[in-house]
Amino acid sequence: MTAQPGRPAPDAPARAAALSALFEPRAAAVIGVSRDPIKRGRQVVRNVMRGGFAGPVYAVGRDLEEADGATCLGHVRDAPGPVDVAFLALPADATAEALRDCAAVGAKVAIVSAAGFAESTSPESRARHAALKKAVAETGIRVVGPNCNGIYNTANRLALGFNAAHSVRLRRGDIAILSHSGALFSLMMGYLENVGAGLSCFVSAGNEADLDLLDYLEFVLEQDSTRVAALLVDAISDGERLRRLGERAALLGKRIVALKAGLTEQGARAALAHSSRLAGEADAYRALLEASGIPMVRSLEGLMSAAAMLSFYGRADGGLAMMSTSGAGAAILADLAERHEVRVAELGPATRARLAEYLSFSDFGNPVDLGVFDRGRSAPIAEIVAADPAVGAMMTPINGIDPNSGVPTLIEDLASARARSGKPSVLVVPGGLPPEKAASYLDQGFKIFPDTEAALQGLAAVLHPPPVPRDRSRQTGAPASREPLLRLGRPLTEPESLALLAGFGVPTVPTEVCASLDEAIAAAERLGGRVVLKAVVEGVGHKTEAGLVRVGVRGADAVRDAHRAFGAGRMAVQPLVTGRLEMIAGVTRQPDVGPILVAGLGGIYAEAMREVAMWSIPAPAGELERRFAGSALGRIVRSPRWPDAGTADEILAVLARLQDFALWAGDLLGALDVNPLILGEAGLVAVDALVVPSAAAAIQSGWHERQMEPL
């Protein structure tokens, strides 16, 4: 059994044709146009005509005599020629019929602006959504939206939408903005225009009743007009497909950057397995995007800064060098760089030796405080720093009043360093500069950004590594006799879970399942010393909270007492395992993100500290090692004070086996929780585990209907 690949695309050619018609139509129609100039349909017509689209534009509405120069029609079926794309400025109830009319005249795609579909749970909204889907299925027309505000293509000046940004002719560039939210388009474009970047195209995905964000991403990556795709994401429909598109972008030399909106942990906290709780939506998306080679920013300004810098510079190898004219400013930059996970360059010995020649007092690091150098000697500090092989890009905040104050030749030095090194050099001027002041800096090849944190997010994207190639030849063991366990449609018991993992080479505690009290007493005597007793009850995910675990039990009387307290049912008897530290490991699966491998401190620390490492599955061995080394657990077991130097390798081996298990289980696995794994003198051993089949498997068996008590 193998993991299912990403969503298949048997309709790919038809979808590509529809998207070509969307962005490059021969003719466009706006349906639902009135005489009222402030109504949506009339706004859209006005924007299209002002934008300069060269093809025929049809304004469809009742009793229209004039509509901003567009050809007026009473019905879309009256169009004298082909209509490739239609914008529906109609009430939600009229949408399905209008889609059929558009399909009848050959339209390949329609933009549905109305709300009142899947975003609402009312019966009427669900019925409208079903009618829309039926119209798509029966006619073949494709739909953008619903609940969206249109598209923009600067190549052919098609401004087919009603956002404020649709009403102006935007600077042409190579950045595609693909957003679930259309209302933020004007804000994003205002930022891009301010920093001198330009747009290739924009699409507001809306509720994605048909076409989704990944469809648009796949399309724009293949267009010569786009080099950078900026994603404003509510949710991704298919994590595996996103990883493939990230790999495709890297192959084409193109860049993707993403901002995840609406982050919440409510759904994760309601999940059954601890690992699902730990893998909150933000963390899971971060792991997926990281594996896809897509930097994830934290703000809208950061998204636009990243898109602009990737457009200006592409990707750069190495780390960031920061310079400041103030010691306090350097400290603040260091704090912000760490917050935004910027790769900071470690200046090499040769660079440090050259800089030391100009040192006036104190010491220096990165960020470089220019105030500690002797400026009277015309020190080429910026050139020395830029020449360091570890430096991939440079950033310098300056003040907008007199940028050379304190360092008379600052701009000259930075310009020389940029020219000699050829490396990106960004100036940050909080609040920005008026055009007349900015012009001289732009003439010297600088790019100016108005916000420090946004600029750091942008530079983090420029310095972000590409996706690590996946080993697609990897084969996993498949003990076919174990597969029925994942089709039981209920959470596996602990003994079932441990036995399943043991088959993949995960070290597990010896476990004897006893059907009677006499068997339990005999098992405890065989094991000797203190033992752990656990009730074996189907459907109970976490036994400690339910009072179904006894630790450190010794003697027949204590076993008898536990048996009575557990309800005289089956018991699992295990030797008591102690160790220096406990860890948690597991797998969580989210419908949109896919499987995520989780590892971190376990026991009571698992949720109290929430310090875990995460990987999108499959993760190459090098990526497992890199992210683990940076986690709290990794730092502990790699510390010189940790007594066993081989512990980290043991943990990584177990993580690889858990990943093998997840790949083998595929879509049948909902979540896996191994908590704790105990790190002791005898090595690493799993003493508790919970395997939860996916929701689909549970629904197929009907277990979810029978199980009423919370787990």
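Modeller: Two strands pair if DSSP finds at least two bridges between them, where strands (E, at least two residues) and helices (H or I, at least four) are DSSP runs numbered from the N terminus. The model here is predicted, so local features need pLDDT of at least 70 and side-chain atom pairs 80 or more, while totals for chains, interfaces and linings use all residues. Residues are numbered from 1 along each chain as its sequence is written, and side-chain values use heavy atoms, without hydrogens or water.

Biologist: What makes β5 and β6 a pair?

Modeller: Three bridges join β5 (residues 109-112) to β6, and the two run parallel. DSSP has to find at least two, so they pair. Isoleucine 111, for instance, has valine 144 in β6 as its bridge partner.

Biologist: In what order do the strands of the open sheet lie, and why does one side of β3 and of β6 lack a neighbour?

Modeller: The six strands follow the order β3-β2-β1-β4-β5-β6, with parallel pairing. β3 (71-73) and β6 (142-144) are at the edges with a single partner strand each, so one side of each has no neighbour in the sheet.

Biologist: Now the aromatic rings: how many pairs are there?

Modeller: Rings of Phe, Tyr and Trp (its six-membered ring) pair if their centres lie within 6.5 Å; planes under 30 degrees apart are stacked, over 60 edge-to-face, the rest tilted. That rule gives eight aromatic pairs.

Biologist: Why is the pair of phenylalanine 504 and phenylalanine 661 called edge-to-face?

Modeller: Their centres are 5.4 Å apart and their planes stand at 80°, so the pair is edge-to-face. Phenylalanine 504 sits in the loop between α18 (494-502) and β19 (512-514) and phenylalanine 661 in helix α24 (residues 647-665), so parts 157 residues apart in sequence are tied together.

Biologist: And why is phenylalanine 504 with tryptophan 664 called tilted?

Modeller: Here the centres are 5.2 Å apart and the planes at 55°, so the pair is tilted.

Biologist: How do you know whether phenylalanine 504 and tryptophan 664 are buried or exposed?

Modeller: Buried means under 20% relative accessible area, exposed over 50%, partly exposed in between (1.4 Å probe, protein chains only). Phenylalanine 504 has 11%, so phenylalanine 504 is buried; tryptophan 664, at 1%, is buried as well.

Biologist: What sits over the ring of phenylalanine 312?

Modeller: The charged end of lysine 447 does, 4.3 Å from the ring centre. The rule asks for NZ of Lys or CZ of Arg within 6 Å of the centre and within 35 degrees of the ring normal.
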